[in-house]
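Q: I have a new structure to look at and would like to learn how to read it feature by feature. Could you take me through it slowly, giving the general idea before each case?

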Amino acid sequence: MPPEASLKPDASFTTASLPPASLKEPSPAPPARQARIQQDPAWIRWGLTVIVLAVVGVLIVIPVVHVFAQALAAGVGVYWNNLFNDPDTLHSILLTLTVVPVALVANLLFGVAAAWAIARFSFPGRTLLTTLVDLPFSVSPVVAGLIFVLIFGRQGYLGPFLRSDGYSIMPYLFSFLGVALLLVAYQLFRPINRAERRGVWNYSWPVRLAGAAAVFALLVLVQQYFEIWPRNESLRIIFATPGLIIATAFVTFPFVARELIPVMEATGADEELAAVSLGANGWKMFWRITVPNIKWGLAYGIILCNARAMGEFGAVYVVSGHIAGQTDTMPLRIEKLFQEYNLPGSFAVASVLTLLALVTLVLKAGLERHGIKKVDGTAPGELGARERHGH
Amino acid sequence: MGIEVRGMKKAFGSFTALNDVSFTVNDGELVALLGPSGCGKTTLLRIIAGLETGDAGAVLFDGADASQRSARDRRVGFVFQHYALFRHMSVFENVAFGLRVRPRADRLPDAEIDRKVHELLELVQLDYLGSRYPSQLSGGQRQRVALARALAVEPRVLLLDEPFGALDAKVRQELRRWLRRLHGEIHLTSVFVTHDQEEALELASRVVVMNKGVIEQQGTPDQVVEHPATPFVLHFLGNVNIFHGRVQEGKALLGPLAVEFPDHQDREPRTAAGYARPHELDVSRTGQHGGGLWASVQDIRTSGAIAKLELSEGEGSLIQVDLGREQFERLRPVVGERLYITPRRLRVFMSDAETAASPIR
């Protein structure tokens with residue numbers, strides 16, 4: 001029978017080419033991961049585990065323990081003295097605790113704005129912005145510091161201006177910020193329905209702009225009248241706290257935005273649009289819908305940003321100028337004490353920094369667990385439905 | 001409230017989502033926007049709601065231009081395709097949201113909001129679930145919460161984007177019936193988007209069929225089913241057999257079929273096609289009526305009330321015929337036998353200029 005004869009080689013060929021494992025497929029197979037563990041020989045499993053544990057031990061656990069051991073080697077009294085009776089060290093701790101929160105707030109505002117723009121709008125240059133957000137990750141911190149020295153330093157582009165009468169720009173800068181905030185608030189608090197807009201809320205754009213200009217002029221005049229800003233003094237940015245803040249903010253720039261963009265993209269704009277169609281204004285939509293949806297990502301981003309900001313060395317090193325008691329942050333102080341062969345002092349400050357890092361780590365782990373629970377609670381329904389019926 | 005859309009245009013980059021769309025919805029009507037995915041129906045719905053802005057054209061509510069009004073000023077109830085419930089709020093708070101975000105001046109007292117939300121949850125038969133979170137609800141329940149939330153702000157129009165798209169067949173049936181009853185009770189002007197023709201025909205008082213950003217036809221379900229204006233509508237509203245051919249001197253010659261076609265009296269022939277639904281074809285063993293064609297039976301499927309026959313004309317094109325149970329019992333066709341097919345009704349469309357005629361024999 002020709003048909004069967006021609007069929008047979010075919011059939012045997014297919015059977016032969018199949019790996020034996022796939023023939024057993026129909027039998028209830030254990031989950032893939034479990035199967036893999038069982039298949040790997042013991043020496044691979046143990047070998048890998050030992051290598052990883054050894055590396056973690058040598059690179060992470062021993063140094064951390066060593067920091068505390070060295071700091072406390074001469075006793076708790078000396079440790080305390082090293083930390084709190086050295087005015088320069090104390091100042092460095094306080095300076096770090098000043099610089100970091102300011103940089104954090106700046107990055108929080110920027111991060112939310114950037115994530116919103118990237119996740120919610122499509123505009124020319126959106127991809128470019130996404131890439132630029134990451135730039136501080138790829139640029140060496142030292143280069144970043146040098147850039148700011150070039151811009152704000154004595155010989156820098158803005159140097160002569162800042163030197164001659166640097167503070168003269170401050171009234172304008174602050175008035176501009178104040179007016180911008182006012183305009184944003186006006187837009188946010190305006191009643192939803194036209195019928196309810198009475199008095200101030202009915203002003204047209206030209207009137208509003210004229211009002212803004214008037215407020216601007218008033219603010220400038222008030223600041224000048226009371227001489228809030230010193231005259232004939234140069235405004236110091238480099239080798240001063242503003243420079244430290246700018247450098248720290250630059251280096252930790254991407255953390256919040258990078259955490260938020262995926263969260264906001266996954267949540268989608270539908271809930272926000274639903275809120276708007278139900279009559280919420282921008283302000284209420286943001287606080288009642290957007291913020292609750294992104295709060296875990298936001299908290300996570302802030303924690304990472306905080307950890308990086310506290311430990312920042314390179315960029316800060318360049319712009320600080322190492323003036324003890326003035327521009328030394330904790331990492332710079334550690335390095336300086338180390339160079340002065342003051343090992344106990346150096347390790348004491350290092351232990352504080354490490355402790356802060358450990359606190360951050362615990363917070364992060366806690367958040368992650370909470371976040372996972374949170375996601376587990378909502379995801380199967382919401383995200384599942386979206387996946388199944390996605391466009 | 002009546003809605004009027006005038007000359008609406010919308011493009012996303014080089015893709016034209018809407019091309020000069022105009023239609024009206026009368027007060028209290030339930031209208032379906034029906035079309036395949038990507039035909040612009042959802043874009044149109046979002047433009048009506050103010051969630052999207054058109055490139056040209058206007059949306060009028062009761063004759064007043066609403067194009068410049070923002071979504072929150074339009075008082076439109078919008079039910080999203082995936083419901084977009086606020087996942088961090090309970091069902092109760094979801095429904096109450098629209099009442100709570102009103103400006104202080106005309107916000108209801110809390111007790112009043114409470115009462116109203118309970119009333120709405122009762123309306124959608126979910127009062128017992130008020131404290132649950134959206135993730136703990138089934139698809140059908142979520143859909144009803146979304147509806148209650150949209151109704152809470154006492155909208156003048158209700159817009160639903162694929163309201164039953166994400167539900168399984170049985171729940172869909174129930175919700176459909178329920179929504180029709182609800183519309184009968186509250187008489188709120190409603191527009192819903194769907195790609196499911198059955199849903200549109202069953203639910204809507206009027207159907208707007210869209211394709212590639214333009215409206216192909218609008219009318220009552222009967223009108224679009226019985227008198228489709230274009231081949232697309234004919235295709236979209238069910239299976240159809242196509243007979244290719246040409247029209248010339250008032251006659252349509254479609255292979256072996258020939259029918260009167262008074263719309264084209266020229267001597268110049270033009271290509272055309274005749275369309276007949278499977279249930280509009282008769283089959284018999286004798287060719288006594290004439291005007292039909294012979295075809296051999298390829299496949300017979302008998303399930304439910306109708307028997308589906310697949311016949312081949314010889315040139316490879318398959319012809320589908322639906323027979324009623326009784327007719328099938330009388331004829332008892334077998335695979336391989338040759339039967340004579342006569343169309344009871346044939347709609348002829350010329351292919352370049354889409355003029356229609358439906359001679360009935």
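## Reading the model

A: Let us begin with a helix in chain B: of the nine residues of helix 1 (residues 41-49) of chain B, eight are buried, so this helix is largely enclosed by the rest of the structure. Please keep in mind throughout that this is a predicted model.

Q: How should I read a sheet, and in what order do the four strands of the open sheet in chain B lie?

A: Strands of a sheet pair through backbone hydrogen bonds, either parallel or antiparallel. In chain B, four strands form an open sheet in the order 2-1-4-5, and their pairing is antiparallel. The edges of this sheet are strand 2 (15-25) and strand 5 (64-65) of chain B, each of which pairs on one side only. Strand 4 (residues 56-61) of chain B pairs with strand 5 of chain B in the antiparallel sense, over two bridges, and the bridge partner of Phe61(B) in strand 5 of chain B is Ala64(B).

Q: How do I read a salt bridge, and how many salt bridges are there over all chains?

A: Side chains of opposite charge can pair when their charged atoms come close. Over all chains the count comes to 31 salt bridges. One of them joins the side chains of Glu93(B) and Arg100(B), at 2.9 Å from N to O, and Glu93(B) is partly exposed, with a relative accessible area of 28%.

Q: Which residue forms a salt bridge with Arg176(B), and which parts of chain B does the pair tie together?

A: Arg176(B) forms a salt bridge with Glu202(B), and the closest N and O atoms are 2.7 Å apart. Arg176(B) lies in helix 5 (residues 169-186) of chain B and Glu202(B) in helix 6 (residues 197-203) of chain B, so the pair ties together parts that are 26 residues apart in sequence. Arg176(B) is buried, at a relative accessible area of 3%, whereas Glu202(B), at 28% relative accessibility, counts as partly exposed. These two residues also belong to a network of salt bridges that links Arg172(B), Arg176(B), Asp196(B), Glu198(B) and Glu202(B).

Q: Which strands hold Lys308(B) and Asp322(B)?

A: The side chains of Lys308(B) and Asp322(B) meet in a salt bridge, at 3.9 Å from N to O. Lys308(B) lies in strand 17 (residues 306-312) of chain B and Asp322(B) in strand 18 (residues 318-324) of chain B, so the pair ties together parts that are 14 residues apart in sequence. Of the two partners, Lys308(B) is partly exposed, with a relative accessible area of 37%, while Asp322(B) is buried, with a relative accessible area of 16%.

Q: Turning to the other chain, how many helices and strands does chain A have?

A: Chain A has 19 helices and zero strands, and buried residues make up 35% of its 391 residues. Among contacts in chain A between residues at least 6 apart in sequence, 74% join residues at least 24 apart. Leaving aside residues up to four places away in sequence, Gly243(A) touches Ile237(A) and Val319(A).

Q: How is the size of an interface described, and what area is buried between chain A and chain B?

A: The size of an interface is often given as the accessible area lost when the parts come together. Between chain A and chain B the buried area is about 3,100 Å², of which carbon and sulfur atoms give 56%. The contact takes 31 residues from chain A and 32 residues from chain B.

Q: What salt bridge is there between the chains, and which helix of chain A gives the largest share of the side that touches chain B?

A: The count between chain A and chain B is one salt bridge, formed by Glu271(A) with Arg87(B), whose closest N and O atoms are 2.8 Å apart. On the side of chain A that touches chain B, helix 15 (270-277), helix 16 (282-311) and helix 19 (343-388) of chain A each supply at least two residues. The largest share, seven residues, comes from helix 15 of chain A. By class, that side of chain A has 10 nonpolar, 12 polar and nine charged residues.

Key:
Residues numbered from 1 in each chain as written. Chains lettered and ligands numbered in written order. Predicted model: local features only at pLDDT ≥ 70, side-chain atom pairs only at ≥ 80, totals over all residues. Heavy atoms only, no water. Contact = heavy atoms within 4.5 Å. Buried area = accessible area lost by both parts, 1.4 Å probe. Salt bridge = Lys/Arg side-chain N within 4 Å of Asp/Glu carboxyl O. Nonpolar A, V, L, I, M, F, W, Y, C, P; charged D, E, K, R; others polar. Pairing = 2+ DSSP bridges. Buried < 20%, exposed > 50% of the residue type's maximum accessible area, 1.4 Å probe, protein only.
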